[in-house]
Amino acid sequence: MNAPLTRLSASELAARIHAREISAVEVARAHLERITAVDPVVHAFLHLDAERALAAATATDEGLQRGDPPASPLAGVPLALKDVFTTVDMPTTCGSQILQGWRPPYDATVTRRLREAGVVILGKTNMDEFAMGSSTENSAFGPTRNPWDLERVPGGSGGGSAAAVAAFEVPIAIGTDTGGSIRQPSAVTGTVGVKPTYGGVSRYGLVAFSSSLDQGGPVARTVLDAALLHQVIGGHDPLDSTSIDAPVPPVVQAARAGADGDLRGVRVGVISQFRGEGYQPGVLRAFELAISRLRELGAQVIEVSCPSFDHAMPAYYLIAPSECSSNLARFDGMRYGLRIGDDGSRSAEEVMALTREAGFGPEVKRRIMLGTYALSAGYYDAYYGQAQKVRTLIIRDFAAAFEQVDVLVSPTTPTTAFRIGERVDDPLAMYLSDLCTIPSNLAGNAALSVPAGLSDEDGLPVGLQVIAPALADDRAYRVAAAYEVARDAAEGGPLAQRLPGLAGESIPGPDMAEVVGL
Amino acid sequence: MPTISRDEVAHLARLARLAVTEEELDLFAGQLEVILTSVARVSEVAAEDIPPTSHAVGLTDVYRADIPRPGLTQEQALSGAPASEAGRFRVPRILDES
């Protein structure tokens, strides 16, 4: 018996669909069944649309039957979309009460490109409210659970997308990364997550959190799948004025080339700031093992110091909240979304304040107030202005590092997945999850997380972060693909396939208890 | 070390149009102080001569061709409105009656 369709990668599924060995409808049904079986416990999805998904899959099947070429290399493949991208046919909530049930009047460019590519959007995924958080616990609609251990968080803010991919509910998903919200969830769920170069993927229709940092990107179980999805969603968009008017870097080619496992001549820099105190020992051991694998592949590994990175987190937690306090001013209860207290006697201002009080959760309120403070006259120079200078220093550290090396590496996040509830009352502890991912957002370069095995003390996934200069996303893909092949070979198969309760499974539609290890 | 009083949090909440509760004022005052103390570390960096970066890409004045394209219809624009009347957004009063 063949492996269940849900076990296949996006590229394997696409090859079989396009060769008409299986139909896109069968593939969509298999994944919808899987979602029905496991999502009651994983809670990766906020909204599912089986009917439209099957209609999209049917359209791909009919086209292929007529002899049309596939609309893209991913035509017919199911996908989960983070609920921060607008969709005309599904609600877009951003994990917030203030947008509960909101149906946008337009599609995001990412949404449109997915549809045009024949990708089958199954539904929208859970997230920390307005992408603010590192655990998906800040969702107004309840937390998502980590498929590797249901008592633990799947990371955040894109925990829904990462968990959906890890739990075999979909082969690929879309996330957004403002300070690590694609890479950190990928690291703790054993998936591949990529933050493209800032401006590489359109932000049109991506509900803004911090406009100078937000970037959409792919989540997958293999580096090649991530590259294929990156190619579909990337590229210039006149509707986003920060979109880069240049071709998408050759990411698919790089992922395929990297799979040859030859990194001779590639210079890899280990960031010395991201490996010492405060890091879980098992994460560091997995990271050291990854470094030795890169050496075995022929890479030249050196240590690189980026001293300004020590101030990246404080700079980020001034810049991002400042931009958020401005961006979230649009949620005023006037044109769309929630409105509270409009009883005929209250003023617009009172209604606005009551609406925002009821509609936003605690983390969003904290960040709005923090940003309001940092932008206040009298504090502006000391906080926001100084943070912007630190941002310049971080960009300079990267520039100096990339004169010595082709890519930089670090653990993606200092620890493995933490327990649900462990950090909710301690915002600073939560913020530390993004320690290693933030510098790339501030500098706008390309960075990804690729599974680096399991931490030996708790058996939970660890991520290897690979950072490349802006517009050189392909370098990160090449190194990650080479590493992925080496790790899979050394460990007897892909990490993602080792999800607890699933080892050796060969029967389609496993029952839920087995899947979740209950 | 920055300190932030309950009154200052109340002021920030007013500026940010958040009708926070008394309990939230206590909670947020404590949490914001801890966060501000941590982020104030940016001031340790000697950066007098360093230019600020507001944006990683540094694009300026991006134009697209001056070609009309359809926007939202009135119906689409009003489709998510909490209240509408006669084809317009209906909003609470914006002026005092006095």
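**Figure 1. Hairpin of strands E10 and E11 in chain A.** E10(A) and E11(A) form a hairpin with six residues between them, and A:Gly459 in the turn has a positive phi of about 70 degrees. The structure is a predicted model, in which local features need pLDDT of at least 70 and side-chain atom pairs count only at pLDDT 80 or more, while totals for chains, interfaces and linings use all residues. Residues are numbered from 1 along each chain as its sequence is written, and chains are lettered from A and ligands numbered from 1 in the order in which they are written. Helices (H or I, at least four residues) and strands (E, at least two) are DSSP runs, numbered from the N terminus. Strand E10 (residues 446-454) of chain A runs antiparallel to E11(A), and seven bridges join them. Two strands count as paired if DSSP finds at least two bridges between them. Within this pair, A:Pro451 stands opposite A:Gly463 in E11(A).

Figure 2. Strand E11 (residues 461-468) of chain A is largely enclosed by the rest of the structure, because eight of its eight residues are buried. A residue is buried if 20 or more other C-beta atoms lie within 10 Å of its own, exposed if 12 or fewer, and partly exposed in between, with C-beta atoms placed from the backbone. In a regular strand the side chains alternate between the two faces of the sheet. A:Pro461, A:Gly463, A:Gln465 and A:Ile467 point one way from E11(A), A:Val462, A:Leu464, A:Val466 and A:Ala468 point the other way, and all are buried. Strand E9 (residues 407-411) of chain A also pairs with E11(A), in the antiparallel sense over four bridges. Here A:Ser410 stands opposite A:Gln465 in E11(A).

Figure 3. Eleven strands of chain A form an open sheet with mixed pairing, in the order E1-E3-E2-E4-E6-E5-E10-E11-E9-E7-E8. Strand E1 (45-48) and strand E8 (300-304) of chain A are the edge strands, each pairing on one side only. From one strand to the next the twist averages 25 degrees. Strand E2 (residues 78-82) of chain A runs parallel to strand E4 (residues 172-176) of chain A, and three bridges join the two. A:Leu81 stands opposite A:Ile174 in E4(A). Helix H5 (residues 159-166) of chain A lies across E1, E2, strand E3 (120-125), E4, strand E5 (192-195) and strand E6 (216-220) of chain A, and runs at about 160 degrees to E4(A). Angles run from 0 to 180 degrees between N-to-C directions, and axes are lines fitted to C-alpha atoms, for helices over the stretch in contact.

**Figure 4. Helix H7 of chain A.** Helix H7 (residues 223-233) of chain A is mostly covered, with eleven of its eleven residues buried. Among them are A:Asp225, A:His230 and A:Gln231. A:Gly235 follows H7(A) and has a positive phi, near 110 degrees.

**Figure 5. Helix H10 of chain A against helix H2 of chain B.** The axes of helix H10 (residues 312-327) of chain A and helix H2 (residues 22-39) of chain B come within 8 Å and cross at roughly 125 degrees. That makes H10(A) oblique to H2(B); angles under 35 degrees count as roughly parallel, over 145 as roughly antiparallel, 65 to 115 as roughly perpendicular and the rest as oblique. A:Pro314, A:Tyr317 and A:Leu318 of H10(A) make the contact with B:Ile35, B:Ser38 and B:Val39 of H2(B). Two residues are in contact if their C-beta atoms, placed from the backbone, lie within 7 Å. By class, this contact has five nonpolar, one polar and no charged residues. Ala, Val, Leu, Ile, Met, Phe, Trp, Tyr, Cys and Pro count as nonpolar, Asp, Glu, Lys and Arg as charged, and the others, Gly among them, as polar.

**Figure 6. The contact between chains A and B.** The contact takes 54 residues from chain A and 45 residues from chain B. On the side of chain A that touches chain B, the elements giving two or more residues are H10, helix H11 (348-359), helix H12 (362-374), helix H13 (381-404) and helix H14 (427-431) of chain A. H13(A) gives the most to this side, with eleven residues. By class, the side of chain A that touches chain B has 27 nonpolar, 15 polar and twelve charged residues.
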